[in-house]
Amino acid sequence: MKFNHIKSRMFNTMIVVMLVAGFNSCKIEEQVDPNNPSLEGIEANATVDELNNLVTGMLSGMRNRFDTYLDDMSVIGRDYYRYSGSDPRFTSDLLGKESAVLDPNTFYTTNPWADHYRIVRNGWILRHAVANTSAALTAEQKNGYTGFAKTMQAQQMLNCLNMQYQNGIRIDVEDPENPGPFLSYDASLQGILDLLKAGYDDLNNSGDEFNFILTSGFTGFDTPATFAKFNRALAARVTLYKGDFAGVESLLNESFLDMAGDLTSGVYMVYSTSGGDLLNDAYTPLNSSTGSNARCAQPSFNTDAEAGDLRVASKTVLRDEPAFADDLTSNYDVWVYKSNVDPVCMVRNEELVLIHAEAMNQTGNSSAAVDAVNVIRASAGLAAYSGGTTQGELTNEILNQRRYSLFAEGHRWVDMRRYNKLGELPIDRPGDDVWVQFPRPANEEL
Amino acid sequence: MKQFFYKLCITLIAIPAFCNAVFAQFDVNGTVTSNKGEELIGVTVSVKNTNTGTVTNENGKYSIHVSGSSATLVFSYLGFRTQEKAVSSAGSVNISLEESNTELDEVIVSGLATTVKRTNSANAVAAISAKQLTGITTQSTLDGAIYGKFTGAQITQSSGAPGGGIGIRMRGITSINAPAQPLFIIDGIYIDNSSIAAGLNTISNAAGGGNTAVFDQDNASNRIADIDPGDIETIEILKGASAAAIYGSRASAGVVIITTKRGKNARKDRANVEFTQSLGFQTMLNPQGTREWDADKVAASFGEGEVENFTSAESSGTLHDYENELYGNKGLLSDTRLSFSNATDKSSFYTSISHKSEDGIVENTGYTKTSLRFNLDHKVSDRIDLAVSTNYVKSSADRGYFNNDNTSTTMGISFAGTPSWAQLQADEEGNYPDNPYSAANFLQTRDLMTNNEAVDRFIGGANLTTKIVTNDRHSLKLILNGGLDAYTFQTTAIFPKELQFEKNGNGTNGASIQGTTSSFNDNESAFLVYSFFPASGGFNLRAQAGLTRESFERNTIIATATQLIGAQTNVSQAGSVDLYQFRSKQLDLGGFGQLEFNFNDKLILTAGLRGDKSSNNGDVNKIYYYPKASAALNLAEFAFWGVDNWNQFKLRVAYGQSGNFAPFGSAFTSLGSTIIEGTAGSLINTTQGNNDVGPERQSELEFGTDLGFMDNRFSVELTYYIKNVTDLLLVSLVPSSTGFVNKVTNAAELRNKGLEVGLGVDIIRKENFTWFNQTNFWFNKSEITQLDIPSYAVGSFGATLGTFYIQEGASATQIVGIGPTEGKDTSDNGLVVWGDAEPDFQISFNENLSWKNWELALVLHWKQGGDNVNLTTLLTDIFGTSPDYDDVTQDPDGTLANGPYRLSQLGTTAEVFVQDASYVRLREIGLYYTFGGLNSKTNNTLQSVKVGLSAYNALNFFDYPSYDPEVSNFGRNGISSGVEVNPFPSAKRFYASVTVNF
């Protein structure tokens, strides 16, 4: 008994020592994310590959749910109806059905905003990474990265501002812990313009070639010099939005405007069916039922059109059966994207010609404006412009050409708003509203 | 922590060294039988307030050595009323134990290595016996079998899809962010209860619009469904931190401790071989009907062009009841079980094999499961006991394709958009026409697509108890426990290219989405338990200390192949393949110590402390401590207590803390991968990492009383709790202009308060007729008591349709939405509070009647209040297919029909979408007849045959205008249960069964 006692005491002591030692000696290893690269590592010291991944990440990511942005802009701008069997708010909230209003915390407001600013963040990561990297890069190569990043950041923020209008946007978002203030609409436009200018300056000091590859959507704009023309085209658009018509022309001169050139020449977002790539969600097959997803032209697009306008024939297709849902009827499918891998345009020569026309008209050069309008009309199979040439008459003609040239690409709403003509947009149902702007996303009010 | 352990250890080692005086002694022996005269094996016979005890052998006989001149013997046995018998001299004492319906005599968990008699417990631990669990009707899944059988839980079945999918909330919501589900422990083994999505979002794009939770809307089942309810002996439920503190950082959502059947519990009166066969069917629980059409209605809802199609279908008799065609399948149910158990002096075992097969109410859906269990107990020596549990499960569930989408391709949503004159049937060659009214022909989808979950799972564990010291005054035991849970989970979702939404430029030209998850969890623990019974009597003491280690590993790979080549489903036979991988790895280390003082069952004091560290915390080596303390006072045990018919009066109070880990990866800010034109890129993820993130901490104070009258014929259990969750983990929104959408932070506190009442009445207790009633009543109220970040909406589809809204001072589960604020409660952002997901109260009635050889048992469950966000009606309204579209019952002005009225409210108010989800349902009912006493001289194999009829959810009463108020589009995700978007409808099940005992 006694012996057993002692034995068990020793046994106990051993076990206890083992247990206590076990608990204290077992250190748990610090975890690294087993699924993804870390932000800290890349911002502190990125390799060239990692920098290039960030470039590609921006080009790829900017396509995420871009269809929601297009739907928002085009439905409110009365380009088309967005029928959805799964979500009624495309035909209620966006069209202001009865007492429906735009909600600051619903996907149509929050998703495009967040998706665009995500690209802006990736741009900042790229800019920080370029500043801190110890990779063997020349100053010119570094400028290439930052010129690219700034241009794309500006392009993304402009889309946000198009939705937010007088609510303005944040321009300074470098520090996620401490983002800068919301600026007024005009100050926001100026901020975007300044960012484009900074990017343009970088691009002008970037040598002959980028140290990264762009997508096929940038064909013809894939060197610092040609990419800079894309940058200037965006700057021309922003300047036009600012109403600084006198400032537009010099920017257009530095852009790829070509009055005699291919109107489709420009910069595009591209899609493919290959693994991991995205499909163009703005594409809907012909004769889609309104119970699924369908995009059908607002009837006035076809009824208002001049006879023989090739753009109407190419951008809309008569449906087998009219689309009908939620008291909205349309006979025509939108047919801007003819497959789920058709590219989406960011800016093209056609718009630049129209910007030129508008700037000329607003600065009193109506004949140059008419010349530019006629370039567009000719391309659409229409006779030369024969209407009045007062500034107001020409403004209407230019807006009309923009309507048909840039149909379903998110321009109509902005254009009518710029000229205080939102009241002229068609109302489909009694009680519908034409919104002036989206509410500021709810999570920005934190 | 170190200090604490050393002190405890020194106590543990020092006490056995004391010597003890020698007293008078004598032996008592006898036989223990049931009141029906059968000898009972394994009855615990102990000398009260001492360390002496034994169990009856296979003939029901025992022999026990008593020190002292007199003593009280205690005879306890699971399922029987405990008896005490005073003895003062050597001799024979035979005892007959009475069967018990109440739970008062069980032992329940008190520490990680110890149990305590229920009468001495300071916690209201719920317990469910095998009889309650599976005795009424055949159960489909374990978690579905417990609702209504104990107080304090809200259990929500996500949908009616075969194979389960259930969320459990114990004592209110305890976490807003993570899917905080209870910890399941089976025979000491930590059981994985993940819900793993199949990747259907590629097709449904459910996250594309209003909600960005990519994997939450796939209607996945949860893995506790793998456990066969028929194997379970008891379930104990630790609902809050006051009881669950012993499990520390994983216990904040409660702990469900399951003990499976074992050979040592084999009873003489219960045959060792049991065969059960149940056959049944299931049908749609609450068909909604379809709209009655006429030409005017067709023109109004579908346009003039459709009138012709309607009239021609009407005249040719080809109008279809598509609800019946899609959901009208009478699913065959079959459940087969064979179990065998035996016990000898040294060893005992229990083994079972069961096979379950269920067809869903939608054709081509169903569930099969085969489970094999082998449990072994072996006495290695007088000092060493070994218990081994093993379980292998193979299951397969075909779950259909339902819930929210943004492509109108799920069967539920395409059905909602399809009127009765649509012609969707396949022709003789099996070619399906396109559905002109929706993106999908749901009959084609049903017949051609696959959405299968398959599981191969092994669960095994062992428990070794070594009595290091055992004498009259002291005992010291070492308890080693280890377990592992390993499974492979495969999801196969196949959308052939001939589906309407996959061909002709719709969709991706076919998709084959195949996921494989391997999960491996293991847990080990070592505990020392020391008991001390001082010679002076007066009290006894028990101390325990030990260490635990748990490790969890998961690796999920989902291959999504699109642009399929022909009819091939092999993912390499595709034009495009996309891979997704998710890996997680977690290691937790913990220590636990506890002291219990028992003053002759009059006063029981307990104090314990658990410390945990985990690789999931921001600081991986920081130890988080979780204390507990409790007191139970049994007034009826005191000498002054002289009330004859009032045999129990216990006052109890318990306090404890527990935790909940941050979701895996909360500390990381990472870049995701993205591809364009074959070039890979890095894109910042929208969740911002947080290195300061730590576990949520729950503190619970629980107090109550247990009353027993007339030898417990009438018993009352009353519990009130206050549960505070601090450092609440929130996915707090950040201004998305930063490029991030959210980050995980510890930024809020919430409080749950609730009342639980259990009332047990032996209404009739006669030899041939018994009637036992257990009534449970409970409610819970939550409040966000502190919010360090601005109020925010979460977990639904925005304020237009009704959303959850986290706001300081408000209920954690309030549902707010747009609407006229006049005379209404409003949230701080001016929205109207339209409802709350929390029920006002719940009541369940459990009745057990037996008359001669007949048995009738039922569970009636009433949930009052608790609101859902129901968007199913909205979608059918938009398409004009709602069954009540033309009724005029809702418009306060009495002018608009329901459909147009509800549509007119869209964008004006969310009121019509926030709906009362109250119900009364006969959850379970079973009627059985037993042919007993069959063994005779000519027949010595067959003992008894039991036949019966039973049903699950047979009767349902609710005003909720859809298939079932119990529903969740987002599965068991933290806060957002009770959101409905065209789910797989619920079913009711009916069974006939026969059980044969050999």
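Here is a short chat about helix packing and a chain contact in this predicted model.

User: Why are α7(A) and α8(A) called roughly antiparallel?

Analyst: Their axes cross at roughly 165 degrees. Angles over 145 degrees count as roughly antiparallel, so α7(A) and α8(A) get that label. The axes come within 9 Å, and α7(A) passes α8(A) in a left-handed crossing.

User: Which residues make that contact?

Analyst: On α7(A), they include A:L189, A:I192, A:L193 and A:L196. On α8(A), A:F227, A:A228, A:L234 and A:V238 are among them. By class, the contact of α7(A) with α8(A) has 13 nonpolar, four polar and three charged residues.

User: What makes α5(A) and α6(A) roughly antiparallel?

Analyst: Helix α5 (residues 107-132) and helix α6 (residues 139-164) of chain A pack at an angle of about 160 degrees. The cut-off is over 145 degrees, and α5(A) and α6(A) are therefore roughly antiparallel to each other. Their axes are 9 Å apart, and the crossing is left-handed.

User: How does the contact of α5(A) with α6(A) divide by class?

Analyst: Into 13 nonpolar, six polar and two charged residues.

User: How many residues of chain B are in contact with chain A, and what counts as contact?

Analyst: 91 residues of chain B are in contact with 89 of chain A, with C-beta atoms within 7 Å as the cut-off. Strand β27 (residues 574-599) of chain B gives the largest share of chain B's side, eleven residues. By class, that side has 42 nonpolar, 42 polar and seven charged residues.

Conventions: Residues are numbered from 1 along each chain as its sequence is written. Chains are lettered from A and ligands numbered from 1 in the order in which they are written. This is a predicted model: local features need pLDDT of at least 70, side-chain atom pairs count only at pLDDT 80 or more; totals for chains, interfaces and linings use all residues. Axes are lines fitted to C-alpha atoms, for helices over the stretch in contact, and angles run from 0 to 180 degrees between N-to-C directions. Helices (H or I, at least four residues) and strands (E, at least two) are DSSP runs, numbered from the N terminus. Angles under 35 degrees count as roughly parallel, over 145 as roughly antiparallel, 65 to 115 as roughly perpendicular and the rest as oblique. A crossing is left-handed if the near helix is turned anticlockwise from the far one by less than a right angle, and right-handed if clockwise. Two residues are in contact if their C-beta atoms, placed from the backbone, lie within 7 Å. Ala, Val, Leu, Ile, Met, Phe, Trp, Tyr, Cys and Pro count as nonpolar, Asp, Glu, Lys and Arg as charged, and the others, Gly among them, as polar.
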